[in-house]
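This briefing sets out the sheets, helix packing and nonpolar cores of the structure shown below. The points are grouped by topic.

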Amino acid sequence: MQTDYEVLVIGAGVAGICQIKKLQDMGLKALVLEAGGGLGGTWYNNRYPGCRFDSESYTYGFKFSRDLLDAWHWKELFSPQPENLKYLNFVADKFDLHKHIRLNAAVAKMVWDEAARLWTVTLHGGDQLTSRFVITCTGALGVPTMPAYEGMDDFEGPSFHSYHWPHEPLDLTGKRVGVIGTGASGIQIIADIADKVGALTVFQRRPNWSVPLNNRPITEAEMKDIRQRYEEIFAVCAKSNGGFDHLPDRRAYDSVSTDERRKLWDQLYDAPGFALLLANFRETFLEPQANRDLSDYVAERIRARVNDPAVAEKLIPRDHGFGMRRMPMETGYFEAYNQDNVRLVSLLDTPIERVTKTGLQTSAESFEFDVLVYATGFDAMTGAFDQIDIRGVDAQPLKKKWQGSPTTYLGVMVHGFPNMLMVAGPQSVSGSTNYPRAIEVCVDWIGDLLEHARSAGVSRLEAGENAEAAWTQEVIALQEAMPFSKVKSWFTGFNANVQAADAAPRYIAYWGGAPRYTKTLNQVSSEGFRDINMD
Ligand code: NAP
């Protein structure tokens, strides 16, 4: 049966751009449907001050084209949002991808038609398109979540989630600003605006461990050197569990003296990016005592940077060890609290009772603001799927199948949802690693699968039920073996604004590391995708 497209891709972020390039190279009739008014996904939507990579920029760019690697100059070690959006548009220009992307096209529903072996995709607004395959590139963190405080609509000034920071300039000079939330977004915002606003009040619930990003510009000469070393750099990323340009120190923790450890930690604290987390002894992540030692070290560094000891103590996490939640990286975050115009309010001591017309009320005090920012996180990994009414075989809703926790085959397919493929989907390695590195692996694998289907003359692909169960079991076992498995964060599928406090853990990411994930995908394709039913 004739379809409008052979492949529809949902989302024109990093994954969608990479995917459409691949599909164009394969000569398939494909279109990307993007809900937003521009391409770029996370880098289009997040416009808050301080928004930037915490992956080394040169490990974040696509590696599929040598021409592209040679053409682009990353200007900072950790590139800021406007530059990242420029980069993604540069990619789309260079490979003439814009014409394959339909903007302002939010998908409302997709229904599998078993007889015709196609998906019917309905947009908000009513347009319908048919396609043999649908590839979701909907991103890990694109569905912001708001708290449910009484009176939130009453606030008369600008108030918004960090994800919805206005696209037009917002002058904060002299303004009284309240920020709720101290995850990676909140910490970037707070550090960036502290010296620009009149007064800043930070409302922190659970503190997070955070260490310096150590960003700096990249010169022309350095960029030239990076271009020559790209293969080497990507080889390191492929070896690293997190897909980063950092490999662990393989010496046994106990074989190294306390002084020597301290020397290494001093170096890593001042090194760029996730060095202290990823270039450390493996035991600091895996063994309780080593993790406690490192946590104590980082606490000490925080105390040395914050003038008021009482404030410093509030900024030090007590409910989890270093690296046990997704670590925000910072630039001058702790020093911000040394400014007279910045105040930290711990919601553990004095919870918010309600938002008012002019500010908010905690159990102890009322605050007045001109601007109120909710940096309160996302419905990670599965949130974007829940927003679309996805109906598989026998009209089964995906939302129902994934109630509680998702189940997938390799994080790429779902039994009962034929011809639906996911890039950076739940239970893939993307959520736990340097995003684009895992995306390119997944896009290539999907390309191989579609090529395989084309040459075999099949039009229906469905993950086997047992294979899905086995993969999901592996995902669960890996997470349960992780030292952070009992710590509530989006890594363990928890968001206090979505799940009940006593909700069972969810398994939304693959924790076996990027090399093992890539090896598994390669093995599956080399064995002819035998766990995928094809006809
Ligand atoms: P997040 O890490 O989930 O942090 C949300 C913050 O809001 C937490 O401090 C949370 O406190 C607080 N919060 C949530 N609901 C609240 C409520 N009802 N009342 C008071 N406080 C509340 O979200 P995020 O900061 O947006 O970061 C999400 C992820 O995006 C990151 O982990 C990272 O993967 C990615 N990200 C990356 C970068 C980058 O540098 N590349 C930058 C930003 C974000 P509790 O912890 O107590 O719940």
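Strands E9 (residues 199-204) and E12 pair in the parallel sense over five bridges; two strands count as paired if DSSP finds at least two bridges between them. Helices (H or I, at least four residues) and strands (E, at least two) are DSSP runs numbered from the N terminus. The model is predicted, so that local features need pLDDT of at least 70 and side-chain atom pairs count only at pLDDT 80 or more, while totals for chains, interfaces and linings use all residues. Residues are numbered from 1 along each chain as its sequence is written, and side-chain values use heavy atoms, with hydrogens and water left out.

**Five-stranded parallel sheet**

- Opposite Leu-200 stands Val-342 in E12.
- E9 and E12 belong to an open sheet of five strands with parallel pairing, in the order E7-E16-E8-E9-E12.
- Strands E7 (159-161) and E12 (342-346) each have a single partner strand and stand at the edges, so one side of each lacks a neighbour in the sheet.
- On average, neighbouring strands of this sheet are turned by 15 degrees against each other, direction ignored; axes are lines fitted to C-alpha atoms, for helices over the stretch in contact, and angles run from 0 to 180 degrees between N-to-C directions.
- Helix H6 (residues 184-193) packs on the sheet and touches E8, E9 and strand E16 (371-374), where contact means heavy atoms within 4.5 Å. The direction of H6 makes about 160 degrees with that of E8.
- E8 and E9 run parallel and are joined by five bridges, and Gly-178 stands opposite Thr-201 in E9.
- Four of the five residues of E8 (residues 176-180) are buried, so this strand is largely enclosed by the rest of the structure. Buried means under 20% relative accessible area, exposed over 50% and partly exposed in between (1.4 Å probe, protein chains only).

**Three-stranded antiparallel sheet**

- An open sheet with antiparallel pairing has the strand order E13-E14-E15.
- Its edges are strands E13 (352-355) and E15 (366-368), each with a single partner strand, so one side of each is left without a neighbour in the sheet.
- E13 and E14 are joined by three bridges and by a hairpin through three residues; the bridge partner of Ile-352 in E14 is Thr-362.
- Three antiparallel bridges also link E14 (residues 359-362) to E15, where Ser-366 is the bridge partner of Gln-361.

**Helix packing and nonpolar cores**

- Helices H16 (residues 435-456) and H18 (residues 514-526) pack at an angle of about 5 degrees, with axes 11 Å apart.
- These two helices are therefore roughly parallel to each other (angles under 35 degrees; over 145 counts as roughly antiparallel, 65 to 115 as roughly perpendicular and the rest as oblique).
- Val-441, Cys-442 and Trp-445 of H16 meet Thr-518, Leu-521, Val-524 and Ser-525 of H18.
- The largest nonpolar core has 140 residues, of which Ile-135, Leu-200, Val-423, Trp-445 and Leu-450 touch the most other members. A nonpolar core is a set of buried Ala, Val, Leu, Ile, Met, Phe, Trp, Tyr and Cys residues joined through side-chain atoms within 4.5 Å.
- H16 gives the most to this core, with 10 residues.
- A second, separate core of 23 residues includes Tyr-5, Val-107, Leu-129 and Phe-417.

**Surroundings of Gly-464**

- Gly-464 lies in the loop between strand E19 (461-463) and helix H17 (465-481) and is buried, with a relative accessible area of 9%.
- Not counting residues up to four places away in sequence, Gly-464 touches His-415, Asp-531 and Asn-533.
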